[in-house]
Amino acid sequence: MTAIEDLAVIGDLQTAALVDAEGSVVWLCLPRFDSPACFAALLDTDAAGHWRIAPADGGRCTRRRYRGDTLVLETEWETPDGTVRVVDHMPLRGRYPDVVRIVEGVTGEVAVRGELAVRFDYGRVVPWVRRVGDRWQALAGPDALWLSTPAPLEGRDRTTVSEFTVRAGERVPFVLTWTPGHHDAPPEVDAERALGETVAAWERWVADGRAVGGRWAGAVTRSLVTLRALTHAPTGGIVAAVTTSLPEQPGGPRNWDYRYSWLRDSTYTLQALLAAGHTEEAQAWRRWLLRAVAGDPADLQIMYGVDGTRRLPEAELDWLAGWEGSRPVRTGNAAAAQLQLDVVGEVLDGLHLARAAGLGAPEEAWDLQCALLDHLEGQWQQPDSGLWEQRGEPRHFVHSKVMAWVAFDRMVRGAREHGLPGPVEHWARVRDTIRAEVLEHGVHDGHLVQSYGSTELDAALLLVPRVGFLPADDPRVVATVEAVQRDLTRDGLVLRYRPDSSGDGLPGTEGVFLACSFWLVDALHGAGRRDEAEALFERLLGCASDLGLLSEEWDPDAGRQLGNTPQAFSHFALVVTAVQLDEGRHARSDHPVGAARAGAPRLP
Ligand SMILES: OC[C@H]1O[C@H](O[C@H]2O[C@H](CO)[C@@H](O)[C@H](O)[C@H]2O)[C@H](O)[C@@H](O)[C@@H]1O
């Protein structure tokens with residue numbers, strides 16, 4: 001089974017493929033992030049669909065890297081007969097999605113083997129494969145994949161096999177294009193030209209941002225490129241990760257589908273993109289938000305499909321064995337229907353930040369904010385499922401209430417600082433009521449707790465100074481940070497909460513949560529414990545793959561990644577933390593980070 005840190009991502013801003021360290025595409029959903037996968041080997045075996053191109057003797061690559069700051073992947077094998085490189089990318093979307101793989105002879109003469117097994121509908125449908133002109137077509141119902149290559153092809157055991165020798169200086173392209181099943185053959189793609197254009201497009205995108213992160217700029221740029229890869233460009237929606245059902249515990253049932261746009265994850269991503277000066281994406285996301293939540297505020301969901309789809313019914317794909325036997329494999333996400341009170345606070349915080357960053361705002365953005373706040377006013381006293389989307393009984397989560405406070409606070413400030421209309425005195429009174437309630441019921445033994453009346457801890461409480469609810473040097477915050485370090489860490493890294501005692505409604509346990517560990521860095525830094533903060537940050541960078549990618553969680557015992565990947569939550573946390581450490585200040589979520597370097601030179 002592919003290790004999660006062995007997965008490299010390539011994408012075209014509408015979907016993404018994952019390539020393992022043996023040259024195999026093991027995950028690809030077409031035509032969109034949340035479409036059924038045509039390669040699902042990641043969640044089963046090769047029989048669920050894969051596309052390997054590698055030396056005939058197979059095996060793990062010798063090295064791999066992204067070309068500069070792009071999403072073009074170069075995988076290299078040194079063999080006894082010479083060195084061969086496979087260059088993989090997805091051209092930015094034209095009419096149809098393509099995956100382009102170019103085999104480059106670097107030295108000597110290397111025997112190469114290609115193996116294409118298309119299995120539509122998450123590994124279930126074996127297509128009819130036939131030659132159409134000089135291309136091969138794999139067709140089944142709504143889907144067709146077209147393969148173009150000068151290399152020899154032959155059908156064996158329901159797999160299209162290609163065996164050839166590549167010599168130093170030779171380049172052998174393979175282009176795989178998806179069309180709806182009823183379409184004619186798509187236009188031919190010139191692989192070399194597509195490669196040049198894709199490299200240029202990614203370089204342009206990085207250059208359009210601001211150089212941030214100082215000595216951590218490399219990790220920050222890779223995170224920003226990854227966040228961009230998680231963006232669905234036509235709509236501005238941002239998915240939480242490329243995958244479904246990579247587990248929070250190997251072999252366990254905590255397997256969820258992350259190929260959707262969470263308001264929470266997207267708002268945090270917005271903070272990271274704004275920190276690096278990517279204002280266009282921030283604006284696109286705001287337009288996405290306005291469309292997605294349009295309608296009755298009572299119908300607000302915590303997540304949507306990338307195009308704003310609301311129904312995301314959870315289903316189990318029982319024909320897939322799951323990653324390392326982690327079943328069930330799920331599509332859809334029942335958390336979409338949960339009440340999670342924090343999201344209104346996150347959205348209003350993000351929109352406030354966008355204004356503070358000078359993005360201006362359409363009039364309907366403020367109207368929407370007022371409608372959301374109005375609705376929250378009727379809801380904030382209810383128990384909810386919290387930001388961790390727990391599946392146990394709803395509770396009065398302290399983080400949810402803190403974010404309700406944030407919602408009212410940002411609206412009061414929007415009215416006062418930007419002259420926007422609204423019952424500001426009333427909002428201020430509700431804000432103060434929430435604050436008083438949290439401080440009365442959400443503190444135990446001098447520190448904040450997970451929910452009213454509980455003694456449990458919650459890593460989300462580390463965000464309290466970041467959102468401005470209490471200052472970093474408040475004794476309750478200092479005590480919370482100490483309690484988290486003492487009781488909510490494994491090997492120094494942070495658990496979201498204690499799954500065994502927290503009553504999350506699920507069997508089993510999980511790894512440490514990478515974003516929460518970055519939040520601990522922020523909290524230590526805010527408390528003036530800079531050396532500890534930096535040491536922890538460096539450790540977290542060590543959890544990234546050789547390509548700089550992070551999944552959701554980390555298994556401290558096995559020293560490997562867990563959970564869906566690459567995960568926006570982890571990457572935006574990395575960006576925000578690096579920028580703060582580099583700027584030497586503790587930034588609040590409503591103050592643009594990166595501002596100290598706003599005049600810094602742009603990337604060349
Ligand atoms: O652990 C239980 C929950 O896990 C998922 O939620 C997590 O991922 C979300 C997307 O990144 C994030 O917004 C949330 O805060 C995380 O807890 C899953 O989506 C839920 O269905 C599941 O209950």
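Over residues 218-577 the chain is 44% helix and 8% strand. UniProt, in an unreviewed entry, annotates residues 218-577 as "domain: GH15-like". Keep in mind that this is a predicted model.

The unreviewed UniProt entry gives residues 2-150 the annotation "domain: Trehalase-like N-terminal". Here the make-up is 3% helix and 53% strand. The end C-alpha atoms of this span lie 30 Å apart.

The domain assignment divides the protein in two. Domain 1 covers 4-202, and domain 2 covers 209-589. Their centres, taken over C-alpha atoms, are separated by 34 Å. How many residues of each domain are in contact with the other? Domain 1 contributes 27 residues and domain 2 contributes 34.

Look at the side of domain 1 that touches domain 2. Four elements each supply at least two residues there: the strands β1 (8-11), β2 (16-19) and β6 (63-66), and the helix α1 (120-123). Which of them gives the most? That is β1, with 3 residues. By class, this side of domain 1 has 17 nonpolar, 3 polar and 7 charged residues.

Helix α1 holds a backbone detail as well. Tyr-122 is found in this helix. Its phi is near 55°, a positive value in a residue other than glycine. Most residues other than glycine have a negative phi, and most peptide bonds are trans.

Pro-31 lies in the loop between β3 (24-29) and β4 (37-39). The other runs from Arg-327 to Pro-328 and is also cis, with omega near 0°. Pro-328 has its place in the loop between β20 (315-316) and β21 (330-331).

Next, find a helix pair. Helix α4 spans residues 263-275, and helix α14 spans residues 568-583. Their axes come within 9 Å and cross at roughly 35°. The crossing of α4 past α14 is left-handed. On the α4 side, the contact is made by Asp-265, Tyr-268, Thr-269, Gln-271, Ala-272 and Ala-275. On the α14 side, Ala-568, Phe-569, Phe-572, Val-575, Val-576 and Val-579 take part. By class, this contact has 9 nonpolar, 2 polar and 1 charged residues.

Finish at the ligand. How many residues surround the ligand? There are 14. The closest are Ala-240, Trp-256, Ala-335, Trp-388 and Glu-389. By class, the shell has 8 nonpolar, 1 polar and 5 charged residues.

Key: Residues are numbered from 1 along each chain as its sequence is written. This is a predicted model: local features need pLDDT of at least 70, side-chain atom pairs count only at pLDDT 80 or more; totals for chains, interfaces and linings use all residues. A residue is near a molecule or strand if its C-beta atom, placed from the backbone, lies within 6 Å of it. Ala, Val, Leu, Ile, Met, Phe, Trp, Tyr, Cys and Pro count as nonpolar, Asp, Glu, Lys and Arg as charged, and the others, Gly among them, as polar. UniProt positions are given in the numbering used here, feature names are shortened, and annotations may be inferred rather than shown by experiment. Axes are lines fitted to C-alpha atoms, for helices over the stretch in contact, and angles run from 0 to 180 degrees between N-to-C directions. A crossing is left-handed if the near helix is turned anticlockwise from the far one by less than a right angle, and right-handed if clockwise. Two residues are in contact if their C-beta atoms, placed from the backbone, lie within 7 Å. Domain bounds come from an automatic or database domain assignment.
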